[in-house]
Amino acid sequence: MKLELKGITKKFGTLVANDHIDLMVEPGKVHTLLGENGAGKSTLMNVLYGLYQPTEGQILVDGKPVSFGGPGDAMAAGIGMVHQHFMLVPVFTVAENIALGNEATKAGGLLNLDETRAKIRRISDEYGFDVDPDALVEDLPVGVQQRAEIIKALVRDAEVLILDEPTAVLTPKETDELLAIMRQLKADGKAIVFISHKLREVKAVSDIITVIRRGKVVGDADPDAPAAELASLMVGRSVSLALEKAPAQPGEVTFRIKDLTVTAANGQRAVDGVSLQIARGEILAVAGVQGNGQTELTEAILGLQDHVAGSITLDGEELVGRKVKDIINSGVGFVPEDRSVEGLVGAFSVAENLVLNRYDQAPFAKGLAMNPARVAENAAQRIAEFDVRTQSAAAAAGTLSGGNQQKVVMARELSRPLKLFIASQPTRGVDVGSIEFLHRRIVAERDHGTPVMIVSTELDEVLDLADRIAVLYRGRLMGIVPGNTSRDTLGLMMAGMSAEDAETTQTDAAQPDAAGTDSAGGDK
Amino acid sequence: MAPPAVPPSAQSGQLYPEEAGTQPLLHRIMASETMVAVLAVLLSLIVGGLLVALTNEQVAAASSYFFARPGDLLGAAWTAASEAYAALFQGAVFNFEGQTFARMIYPLTQTLTVATPLICAGLGVTLAFRAGLFNIGAQGQIIIGAMLAAWVGFTWQLPVGLHLLLVILAGLAGGALWGSLVGLLKARTGAHEVIVTIMLNYIAIYLVGFLLTTPGFQRPGSSNPISPQLGGTALYPPLFGDTFRLHWGFVVAVLATVFAWWLLNRSTIGFELRAVGANPMAARTAGIGVTKSYVVVMVIAGALAGLAGVAQVAGTERVLTAGVAASFGFDAITVALLGRSTPWGTFIAALLFGAFRAGGVTMQTNTGTSIDIVLVVQSLIVLFIAAPPLVRALFHLPEPGAVSPAKTGKSKSPAATGGAA
Amino acid sequence: MSTMTATVPDQAGSMGTVRNWKTPIILSVLAVFALVVFALGAPANSVTFRLSDPSDAVVLTDLVLSAPVTGWICAVLMLAAAVLSILEVRAGRRVPGWLVAVFSVLFVVGFLTWVVGSARTPNVALYGLLAGSVTLAVPLIFGSLSGVLCERSGVVNIAIEGQLLFGAFAAAVAGSLSGSALVGLLAAAVAGVLVSLVLAVFSIKYIVNQVIVGVVLNVLVSGLTGFLFSTVLSADADTWNSPPRLPVLPIPFLSEIPVIGPILFRQTIVGYLMYVAVAVIYVGLFYTKWGLRTRAVGEHPKAADTLGVQVNRMRFTNVLLAGVVAGIGGSFFTLVSVSGFGRDMTAGQGYIALAALIFGRWNPIGAFFAALLFGFATNLQYVLSFLGTPVPNEFLAMLPYLVTIFAVAGLVGKSRAPAASGIPYIKG
Amino acid sequence: GCGAPPAENTPSGSAAAGASDYLGCIVSDQGGFDDRSFNQSSHEGLMKAKQDLGIKTKEAESKAETDFVPNLDSMIQAGCDLTLTVGFLLGDATKDAAKKNPDSHFAIVDYSDPEFTDNVKPIVYDTAQAAFLAGYLAAGTSKTGKVATYGGAEIPTVTIFMDGFADGVKYYNEKHNKKVELLGWDKDAQNGTFVGNFEDQGKGKTNTQNFINEGADVIMPVAGPVGLGTLDAVTEANTGGKKDVKVVWVDSDGFETAGKAEEYILTSVMKLMGQAVEDVVKTDLAGKFDSTPYVGTLENGGVALAPFHDQAKNVPAELKSDLDTIKADIISGKIKVESAASPK
Ligand SMILES: Nc1ncnc2c1ncn2[C@@H]1O[C@H](COP(=O)(O)OP(=O)(O)OP(=O)(O)O)[C@@H](O)[C@H]1O
Ligand SMILES: Nc1ncnc2c1ncn2[C@@H]1O[C@H](COP(=O)(O)OP(=O)(O)OP(=O)(O)O)[C@@H](O)[C@H]1O
Ligand SMILES: [Mg+2]
Ligand SMILES: [Mg+2]
């Protein structure tokens, strides 16, 4: 099946997300879309998938113009999509999720899930997915969830498969598996539209690359072109992909975690006997696939977890058992992993968000009374310092773009004297230019003598920032390795191999499945 | 029942202030929120008027010969509706038939009197809303507040000033106690506040019913469930002399509004509870005690409702009965919603409802129009004001700015983000 | 760089603890209470539970229990259950549902025996107590089913009270005018749908906060029916407010089964419809295509949308359907319970239904039993008041409400609503 | 028919024929004028006075206690000659209004207060006397040996019925050496069954079913319209001849006013409020207003037992003559009917 987009324009109010985009997707090819955050990739795909109605333009299937009233029409036309944010109902089983919208029924309108189960098994066998149709989605690791998403498209006989940033949540090994699957699908004659920011993968799997910038197609790129060239095409200027930072000058160790065990809401040990320490002037990066205990680890430090055993000390003082407020006030800066859920109150103004954990302290408050003038003053300074793009300090934080929201959180946490700085996914959803800036701020904080803990699932970021790297797998520490450890070794550790084993076997591809992590503990 | 009932408009600021400036004045007026509010009231009055007309006997009579003399029908309908509303106005704002000036403005003071408990209880509901709690329990909180206040009022003999002060404190404490039960149960066990408040309303009614049959509360020499009258020292003094029922409780209600505004917008407690209401996860991460906030806000909300109870027993009714709360606790919910969960909005909404209530009584006695019509009009107003696009569509008004409806209603509203119940 | 989470929409909900000691604590407290009151404080006499009326076709012998013996047995078993629950939690497991259920039954038996035993006449018609409970629960069950339908599809329904009241009103008026109870029943369903329609249009089309619409609808219906009642219905009650009654349709033989016969098989059409509705909605929700879509739309509307499910249409139809259910429930007031409409005659039952729905964890069967529990507590209060207990009347009257609070706080706690309930779905 | 009376405030239309521009007014309590109870009876009395005497009237229904004072105020503003209020809840409001307006006359049904000024006439009833007769009758006609009563709320105007009823049953037991049992009210403990309001007919029905299940076959609901629920329950129980349950109605003659299930109404304990109200208006119109409380008794006919109507066949002649004797004895004071709630 051949798919053609002609002059697609999509406006949100006054914002032009897609501007006369032309695109041709052919069977047996992997067609990659490349572009920075907010370039309009997902929007284009949502138009193609019938979720959005294009403001202008036409979609042609095998040369015939079609119009999609909704995803139902697109699916009927043979288009399947795996969304950037998974579209799975967490309290449903895999089978229920896959049946949804495409239900087989028995007499009396009763669901016939057996048929769906059979289909799932058939496709699982064909592509080597290992998916239990009767597992609850919320209990599944993200890797498996993603396979369920792919099955969802395949069950509907998709000829064109859209994969919107499918690798963002996968281990390197899982990513490799996915790429293999893509190749197999391609061999079966399916057309694949692939979106990713990870140039390595893009280069590995693409047949065609189209670069989008600010809603417009700026041209095609050769998959064999060097990464730096692709990156500058994306951003429209040359970018330095590496962070320049001086070697660490570790001072005394002020932050210690000893035998930390955190039991999550579902009764599982999310963090299991972790011990580590960070010296002043040093960045420890915690690497691992999402949902391997990083969230619980950082939350336990801040006192957000209820069932914590072991000890966490900062400057010799025990943190376990203390209130969050105490811990914050004792000088712990904390950037949570999901800014819009945990980092910001969307309905609050930017100014209010900038004092979200200091609203009751001088100079912002005296007794019970807050001082709005000081809050506004602080906001003006922080906005200027961190280049937060907002209509005004009084604008609701929820109206800011993701990257700017992130800057607000970082600005809040980095603008007071800290004894420990913890940041999860510090640059998630932030554009390349701002990443540079935020990274420099983090390094500056280190150089100022603060112990820093960075949690990131992005290996690039980990490697850029870390002086030492701790890898978590299923809540356990796989080892702490130097900041210049190879990507492959880290990948193996993230899949559950100890540091020593990983070092020795890093070239061996045939490792046991590493997908079995638990995400339920991580969704806090 | 996930969402806290914070109307999106309560929290978000003006998203597109600059856009207004670029449009012609007339367009701006027609598209403004005030215009929508005015039209919503108008529309509700029209619907209510139609109802009055439709059920009027003269109208029914005239309709039997409609085709012969259609004018009669329309005339009768107009008369029925306009007389009802004239009486409503006369009873709520200004009595142009009054013999003395005092009589002329008497209705307005009545409106303020009725509004007093509505303001206080409405503020309680508003504060709870803002912390993400749907407080249906103002009724029970008023009752318990009134109960304690009345008890202090008729049992103790104390000097002027001190006595009233203690009455007020007792009312605050009673409401706070009843509210805190909700907060504690929610915080400790996660029990849904909607259920708990509904149940506590009933329990409060039976409790006061029981107490009114016991010697401590029952009027001596009477076996009716009614308390002794409160002593003079326990009462709010009249605000404008004995001619009017309006008492200092109204001033207290105004102060309560100022307090609620300050608390919500200028105090650390308000900051905390707004944060908890808008996004409990972020509040927790910022070191704000979410469960503590639930308790705190319910204590304050209950205390405010208790203040409404004080207004009843120490101001308007001067006696405790099982029906002392009338339906103020439930009206308070609508008032808070109409006031968009802001203190001054609640204040104004309470005045409006007070006017309807006060005028409704006059409307009923003067024109025989059932006071229930007031409920209809009130609820329609809230509905229409909550749905500006509907009003605009009905009156062919322009949309404000160039904002598409999809964006204005985008799920970044607190109702969507702060949805942990 | 770009977003990496698989954003699960229920994230905001889970703040729970690992070992939940709440249930064991509550069970232990109640068990000790039972020991002190039901066992140690048991009256010395025996208690008679009558299982059938002397005029019934099948007459069962009375159940005579010794109050102390029963009290002791119940208390000891409850203590055992409490200990078991402690062990379970200590082992890191949840307290199993059956244990709580068994415990509750024991508590009720112990309580009944104690309270009836302490009464002036320690003798009660158990069959009547149960049958009355069901009768009291009927409108609650319909109301909470209406809530289930709405909330499962993502629309909060506070307007149950309004639906019930308008249903009752319409049934009375239409029944009176037509002289047919069935027409009344039909009209009630239509009335329920009308209320639903306003709820749906305002909350789905105009995206007005669903709680606001619900609360206001209740006021609106109360005002409207009250207004019409005083202007039209009372003026000429014979024409407007004397509906015929729905006849009781006993099923031969089955209705003669003692105790459960009258409950299950001696009902009006509304009573039978109630059982049908519970079953159909349960099966529908969990075993049909419609149910799968409904639940998906209530949990993760966007996901459903990407699979071609028309989210808002689904919600719209569900809300309307809920109107049918609640409307029929409303007809119970005027066509079955009593003959004629009275101002605000639903008297807050819609809110109790809301509570039952939450207590029943958004599950039709759960809601059914929650409503029954409420009906039972209410009827027990009536029965106790004339058996002559020393407890003041007002405290007995609090019983159903106290039971509900205890149940919600102790045994249910933080229940999880459908994740998208209350959140409007706006397409991009 | 009293919900929406023709508007009386358009004096331009030719006023009804009548010598007087005397204005008689009435304020209800929350029950409203369609409560099938004392508001309604009082209202009917005033309407009767309007018809018979040609006076003008004005009325105000209260929806909540907060409406009492405004309603009374609007009556005073309207220049009412006599304002009638209904129920104890209006007691304080009436007392204050009377104090402030010494030139207007007031009357209040079912409440009396020593602090009333002498422009207030209380209209009260010693209902226990008539209820005594009903209790005796109920005990005498019960086949199961169990009779029952329940109330709307635990207030004196309700419990006085129940007290009298209880005494009547007791008197029957003493006289005939029987053990007829009364469910729902324990006079000594002053404790019994109440539905908690005067609106919820469903509760009345369920309660009645419970009584029937316990074997009661004569039931007296003292709960205004809630009693209609009792009629429904009794109709259901009696249908098919399974049971033979009867009802004792209260306030008015239920056979005439209840509008259904008349055949099961054994009798009614009547408070003839309409008559009393009309009489008060009449005396006031004649300029002979006095503030001595009117106390309805068996003697002055203010309270009475209604005729048996359809049930007459079920009341043995002996019982009828007993009732006559007892009535005479109560009037003569030979039998003392005492209730804590009796007007003093
Ligand atoms: N529903 C919407 N309403 C308004 N604006 C939107 C909406 N969806 C997307 N946009 C805006 O359109 C632009 C393109 O967004 P889109 O999600 O397509 O970007 P993207 O290229 O997929 O970025 P990323 O790499 O971050 O996924 C952004 O500026 C975004 O804010
Ligand atoms: N609900 C909204 N109301 C007003 N403006 C909005 C809303 N949502 C998004 N915007 C605007 O749309 C633009 C893009 O937002 P979005 O979050 O998609 O940014 P983005 O392109 O992903 O940015 P970044 O690259 O920084 O992550 C921003 O300018 C933002 O202010
Ligand atoms: Mg983005
Ligand atoms: Mg995207």
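Axes are lines fitted to C-alpha atoms, for helices over the stretch in contact, and angles run from 0 to 180 degrees between N-to-C directions. This is a predicted model, in which local features need pLDDT of at least 70 and side-chain atom pairs count only at pLDDT 80 or more, while totals for chains, interfaces and linings use all residues. Residues are numbered from 1 along each chain as its sequence is written, chains are lettered from A, and side-chain values use heavy atoms, with hydrogens and water left out.

**View 1. Packing of helix 4 and helix 13 of chain C.** Helix 4 (residues 126-152) and helix 13 (residues 311-337) of chain C pack with axes 8 Å apart at an angle of about 170°; helices (H or I, at least four residues) and strands (E, at least two) are DSSP runs, numbered from the N terminus. The two helices are therefore roughly antiparallel (angles over 145 degrees). Contact (heavy atoms within 4.5 Å) involves, among others, C:Phe142 and C:Cys150 of helix 4 and C:Val325 and C:Phe332 of helix 13.

**View 2. The disulfide of D:Cys25 and D:Cys80.** A search of the whole structure finds 1 disulfide over all chains, a disulfide being a pair of cysteine sulfur atoms within 2.5 Å. The sulfur atoms of D:Cys25 and D:Cys80 lie 1.9 Å apart, and the link is left-handed, with -85° about the S-S bond. D:Cys25 belongs to strand 1 (residues 23-27) of chain D, whereas D:Cys80 lies in the loop between helix 2 (68-77) and strand 3 (82-86), 55 residues apart.

**View 3. Buried cysteines in chains B and C.** B:Cys120 is buried at a relative accessible area of 1%, and C:Cys150 is buried at 0%, where buried means under 20% relative accessible area (1.4 Å probe, protein chains only).

Definitions and conventions. Buried means under 20% relative accessible area, exposed over 50%, partly exposed in between (1.4 Å probe, protein chains only). Angles under 35 degrees count as roughly parallel, over 145 as roughly antiparallel, 65 to 115 as roughly perpendicular and the rest as oblique.
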